[in-house]
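Here are a few exercises to work through with the model open beside you. Take them one at a time, and try each before reading its solution.

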Amino acid sequence: MDLLSIKDPSFLKKMNHTELEELSLEIRKFLIEKLSKTGGHIGPNLGVVELTLALHKCFNSPKDKILWDVGHQSYVHKILTGRADQFDSLRQYKGLCGFPKMSESIHDVWETGHSSTSLSAAMGMAIARDIKGESNFVIPVIGDGALTGGMALEALNHIGDSQKNITVILNDNEMSIAPNVGALHNVLSKLRTAGKYKWAKDELEYLLKKIPAVGGKLAATAEKVKDSLKYLLVSGVFFEEMGFTYFGPIDGHDFNDLFENFQYAKKTEGPVLLHVITKKGKGYSPAEDDRIGTWHGIGQYKIETGDVIKSVASAPSWSSLVSETVRKLAREDERVVAITPAMPVGSKLEKFAEEFPNRFFDVGIAEQHATTMAAGLATQKMKPFLAIYSTFLQRAYDQLLHDICRQNLNVFIGVDRAGLVGADGETHQGVFDVSFLRHLPNMVVMMPKDENEGQHMVYTAVKYDDGPIAMRFPRGNGYGVPMDSKLKEIPIGTWEILRKGKDATILTFGTTIPMAMEAALMLEKKGVSVQVVNARFIKPLDDKMLYQILKTGIPVLTIEEAVLQGGFGSAVLEYAHDQEFHHAIIDRVGIPDKFIEHGNVSELLSEIGMTSEQIALKLHSMLPEKKKRA
């Protein structure tokens, strides 16, 4: 079948099982070929081919609402809803988004990028449906890893209690990004081995109905008998106790099993949970054999061998630099522990976990729990290192404020993927953390100019004893700068002059320092002398240096790869106001008040006016007229 000719999923209604099997093979081949060139979330999507086909055959999208959680398992859905011809641009600038996106298709009814949201959204849609007197199905598809998120459990509790008609598809592949952890994962493991439960329950109901009525006593005890059978065959049926009718386990690669259970579900009143077992990476052996999450999301690769095509990097990744420095310090200080919310691979903590298994904690997709657990450790004089992506730290804002900052607890937060991250797009851009960390009392926020300063900042954070401290660092690799052999503390709240100048000053930090240096060099060729300051402490500011800079009266430009509202530039403006520098010439460059979509980081920066050329032009426009003409 020509996948590029697909406009909507209605054609599936006429396909038989043989044709569906052939289509499954074609889709897998298509995904393997296309993603070898663009990269993307190949493992999750190879695992849901039959499941997605069965959903679109048995239900009627977009009338029936199919919600994909986390959303990285929606590629097959995109093919079936007419977007196969856009896969050459997947996750690229102005191209096809790697997650569901309402502006792309009427079949994308919920946008996801963070996990564990689909059940709550589905409940909202079901309530709206019932208020309006409509009759469509609402079908959230949630991975087993996403069930470790507290929000998902809150929604399960509400849905089960309300008895709304919602059809939950639990896509259980025994992994989220890394292997799953936690008690709920163990419950699912038991359920996977209990395939006889539904069959035996149905048989019992059939036999009971055949027995002639012998009074109310038998009728009253029938449900108790079924409950006893449930506990005999399944050790703790979690979902039925929460109010769901449970169907499963279901072979997620068997159309007969899927269709049969979907029909059961459609006829069942109240909330239903279909426990579907799938194989992550199915149909491509390198992805099938992956047990650590490498093939969850990946860059370009060679189809024949599965070898990942890596760019040549002379420096370690930022995640590796930070985690390895923490590991080194953990050897010297037994109070150091590491915590991650389901990202041990992305945060490069595998070696820490191997060396210190009793001091490493992967808590699953549970950022709030991870953050407050770190606070609890800190109350006992431990030194918790919380490794968390900027985009996921957003989910633990209240815990940062209430549990860490309010109690002024000494937690070291490694804010990974800070700044623009590129291909994952607007749901993952790490551009909000400066604003929501900076206004929290007691919080120190810093970002290094390079990996050498980075290792010293890690050392500073571990040695710091006066409260919470956060270090931002970007996605990707360092610059390959020489590394000091001896670690040292950097005085809190101190900046560094990287380039002297008398006509204007640029204040910036982290990834935008090279941009500032290039802009200063461009202006130097026009006779303008620009000072560049490494404002490595975003909070607290270096009050002494900033006071002296503002006192000169020369123009000041702040640059940050973060949102402008409430950001570093705002802090400088606030300081100028408080110190009564009412005539100071200050301007800001940063992320504007909009969500930044996916694409190459340099393309995104250019789109929003953050290049050395554009910065040079802006700073030149701030100069006095006589200096402009010089």
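A polar contact is a pair of N or O atoms within 3.5 Å. Keep that cut-off at hand for the second exercise, and bear in mind that this is a predicted model.

**Exercise 1. Get an overview of the protein: how many helices and strands are there, and what share of the residues is buried?**

Solution. Start with the secondary structure: the protein has 25 helices and 17 strands. Next, look at burial: of the 630 residues, 57% are buried. Finally, turn to the contacts with a separation of 6 or more: residues 24 or more positions apart account for 78% of them.

**Exercise 2. Describe the surroundings of Arg-359: which backbone oxygen lies 2.8 Å from a polar atom of its side chain?**

Solution. First locate the residue: Arg-359 sits in the loop between helix 14 (350–355) and strand 7 (360–362). Then check for a charged partner. Arg-359 is buried but has no salt bridge, and the nearest side chain of opposite charge, that of Glu-334, is 6.0 Å away. A salt bridge needs a side-chain nitrogen within 4 Å of a carboxyl oxygen. Now try the backbone: the oxygen asked for belongs to Ala-330. To finish, list the neighbours, leaving out residues up to four places away in sequence: Arg-359 touches Ala-330, Asp-333, Glu-334, Arg-335, Val-336, Val-337, Ala-338 and Phe-352.

**Exercise 3. Work out the layout of the five-stranded open sheet: in what order do its strands come?**

Solution. Reading across the sheet, the order is 1-2-3-5-4, with parallel pairing. At the edges are strand 1 (65–69) and strand 4 (245–251), each of which pairs on one side only. From one strand to the next, the twist averages 20 degrees. For a closer look, take strand 2 (residues 138–143) and strand 3 (residues 167–172): these run parallel and are joined by three bridges. Ile-142 has Leu-170 in strand 3 as its bridge partner.

Methods
Residues are numbered from 1 along each chain as its sequence is written. This is a predicted model: local features need pLDDT of at least 70, side-chain atom pairs count only at pLDDT 80 or more; totals for chains, interfaces and linings use all residues. Side-chain values use heavy atoms; hydrogens and water are left out. Helices (H or I, at least four residues) and strands (E, at least two) are DSSP runs, numbered from the N terminus. Buried means under 20% relative accessible area, exposed over 50%, partly exposed in between (1.4 Å probe, protein chains only). Lys and Arg count as positive and Asp and Glu as negative; His and the chain ends are not counted. A polar contact is a pair of N or O atoms within 3.5 Å; within protein, one must be able to donate a hydrogen and the other to accept it, and residues adjacent in sequence count only if both atoms are side-chain atoms. Contact means heavy atoms within 4.5 Å. Two strands pair if DSSP finds at least two bridges between them. Axes are lines fitted to C-alpha atoms, for helices over the stretch in contact, and angles run from 0 to 180 degrees between N-to-C directions.
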